[in-house]
Amino acid sequence: MRKLTLLMILVAAAAVALSQEPAKSSSSQSEAQKTAANSIIGAEQQFWEALKNKDAKFFEANLPDDFVAVGYLGVLDKTAADNLIAKTPCEVRSFTLTEFKVTFLTSETAFVTYKGATDGSCAGKAVPTVWASAVYVKRHERWLKASHQETRAL
């Protein structure tokens with residue numbers, strides 16, 4: 001009896017899973033999503049420009065209070081990230097962001113991935129190319145960067 005119940009649960013779960021709509025590809029994004037994706041990509045480029053210019057005020061104004069970053073320094077909250085921007089011994093001459101992909105999890109939450117290459121150095125060492133991701137949330141009609149993560153590209 002127990003095996004039969006387990007089998008029925010598995011069949012029901014499979015039926016529900018198979019009846020779900022497949023995720024929409026970026027080519028089938030709505031016009032609103034395309035506009036939002038362009039806003040998010042533009043915001044990400046502005047963050048990198050602010051990093052280049054050591055503009056902590058931009059970060060303060062465009063990160064929500066519950067922001068979290070994960071990187072080689074560990075897990076940083078908004079205050080730690082803001083403080084790090086102005087104090088980091090880095091010189092960024094230029095940067096290039098490519099291979100953007102924006103995926104909408106909800107109408108007010110988006111996940112963006114991309115590749116970032118930097119011409120610059122930190123503490124005398126060249127800044128590596130990274131694969132980055134960020135979560136953006138729409139709050140009060142603005143897209144804010146709620147999370148950022150980077151992994152060194154091979």
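Ala37 is found in helix 2 (helices, H or I of at least four residues, and strands, E of at least two, are DSSP runs numbered from the N terminus). This is a predicted model, where local features need pLDDT of at least 70, side-chain atom pairs count only at pLDDT 80 or more, and totals for chains, interfaces and linings use all residues. Residues are numbered from 1 along each chain as its sequence is written, and side-chain values use heavy atoms, leaving out hydrogens and water.

At 7% relative accessibility, Ala37 counts as buried (buried is under 20% relative accessible area, exposed over 50%, partly exposed in between, with a 1.4 Å probe and protein chains only). Leaving aside neighbours within four places in sequence, Ala37 is in contact with Gln29, Val102 and Phe104 (contact means heavy atoms within 4.5 Å). The C-alpha atoms of Ala37 and Val102 are separated by 6.0 Å, although these residues lie 65 residues apart along the chain.

Now to the salt bridges. The count comes to nine, a salt bridge being a side-chain nitrogen of Lys or Arg within 4 Å of a carboxyl oxygen of Asp or Glu. Here are some of them:

| Salt bridge | Closest N and O atoms |
|---|---|
| Glu60 and Lys78 | 3.6 Å |
| Asp65 and Lys78 | 3.5 Å |
| Asp66 and Arg139 | 3.0 Å |

Asp65 lies in the loop between helix 3 and strand 1 and Lys78 in helix 4, so their pair ties together parts that are 13 residues apart in sequence. Lys78 is buried, with a relative accessible area of 7%, whereas Asp65 is exposed at 71% and Glu60 is partly exposed at 45%.
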